[in-house]
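Dear colleague,

Here is the structure I promised to pass on to you. Please keep it open while you read the notes that follow.

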Amino acid sequence: FPFFFVPKDLTQPTYTGAFISILCCVFILFLFLSELTGFIATEIVNELYVDDPDKDSGGKIDVSLNISLPNLHCDLVGLDIQDEMGRHEVGHIDNSMKVPLNQGDGCRFEGEFTINKVPGNFHVSTHSATAQPQNPDMTHIIHKLAFGEKLQVQKVQGAFNALGGADRLSSNPLASHDYILKIVPTVYEDLSGRQRFSYQYTVANKEYVAYSHTGRIIPAIWFRYDLSPITVKYTERRQPIYRFITTICAIVGGTFTVAGIIDSCIFTASEAWKKIQIGKMS
């Protein structure tokens with residue numbers, strides 16, 4: 001039978017070897033738990049591309065608006081919609097509700113409606129009232145302005161309700177307000193492949209008192225929008241099982257290999273030191 005030589009540092013137990021082995025086990029356990037946490041967790045990857053993601057929508061976008069005008073009576077508040085496709089609707093009332101505020105002196109308007117995927121605007125004004133007030137007060141608070149389906153995903157921090165909480169109560173009561181919106185299509189795809197379509201938007205605003213040759217123009221709250229050609233897509237991903245297994249094997253093998261090298265070096269140095277001491281004594 002052939003004779004195999006086994007190094008002495010692999011057969012002789014030492015306190016140093018025991019300590020390194022325990023340290024390796026703790027280190028491997030820590031890395032294993034870290035990798036397991038990463039494997040279980042869902043990663044969200046985002047990408048940009050040029051396309052219309054929701055082709056089944058019929059060229060429409062759902063809009064949800066909730067705004068309070070504390071100094072304007074509900075009989076005077078109305079919603080008008082117009083765009084570059086020729087739509088011009090004054091006093092939109094479908095899927096909308098007016099709630100009196102301040103004992104009837106104010107109004108909260110809540111509405112859900114659709115807009116076409118072309119540049120346009122919708123505005124809250126007194127244009128649909130039977131009799132125009134002399135000095136309509138357009139100070140307001142925007143509670144919500146959102147487009148498309150609502151996304152309730154904690155890891156996605158987007159501008160889906162960028163105007164939520166906008167407070168214009170201290171502005172000039174006779175001023176008009178222009179909110180210029182850039183709407184960005186957004187897609188969220190979960191692990192099952194199900195897609196949800198929503199829209200983020202950026203906003204710029206200005207406040208002004210408008211005049212014409214006949215005098216002061218009746219103020220309004222304008223939301224002028226345009227669509228971005230860029231689509232943002234969020235995709236849920238999870239680390240594949242083969243990569244997790246490969247990583248664990250690399251952790252275990254690499255840790256024990258390095259530990260063996262360290263232990264061998266310490267053992268060799270210890271034996272050499274012992275020989276030197278014995279030589280001095282003799």
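In these notes a polar contact is a pair of N or O atoms within 3.5 Å, where, within protein, one atom must be able to donate a hydrogen and the other to accept it, and where residues adjacent in sequence count only if both atoms are side-chain atoms. The model is predicted, so local features need pLDDT of at least 70 and side-chain atom pairs count only at pLDDT 80 or more, while totals for chains, interfaces and linings use all residues. Residues are numbered from 1 along each chain as its sequence is written, and side-chain values use heavy atoms, with hydrogens and water left out.

The side chain of Ser68 makes such a polar contact with the side chain of His143, at 2.6 Å. Ser68 belongs to strand S2, residues 60–69 (strands are DSSP runs of E of at least two residues, helices are runs of H or I of at least four, and both are numbered from the N terminus). With a relative accessibility of 8%, Ser68 counts as buried, a word that stands for under 20% relative accessible area, with exposed meaning over 50% and partly exposed in between (1.4 Å probe, protein chains only). Leaving aside residues up to four places away in sequence, Ser68 touches Leu101, Cys107, Arg108, Thr139, His140, Ile141 and His143, contact being heavy atoms within 4.5 Å.

Strand S14, residues 221–227, is largely enclosed by the rest of the structure, because five of its seven residues are buried. Two strands are said to pair if DSSP finds at least two bridges between them. S14 pairs with strand S7 (residues 120–125) in the antiparallel sense over five bridges, and Trp222 of S14 is the bridge partner of His123. S14 also runs parallel to strand S10 (residues 176–189), to which seven bridges join it, and here Leu227 is the bridge partner of Ile183.

As for the record, UniProt, in an unreviewed entry, places a "transmembrane region" at residues 15–33 and 241–262; its positions are in the numbering used here, feature names are shortened, and annotations may be inferred rather than shown by experiment. In the model, residues 15–33 are 100% helix, with end C-alpha atoms 27 Å apart, and residues 241–262 are likewise 100% helix, with end C-alpha atoms 32 Å apart. Helix H2, residues 15–40, reaches 38 Å from its first C-alpha to its last, close to the 38 Å expected, the expected span being 1.5 Å times one less than the number of residues. The buried residues of H2 are Gly17, Ile20, Cys24, Ile28 and Phe39.

With best wishes
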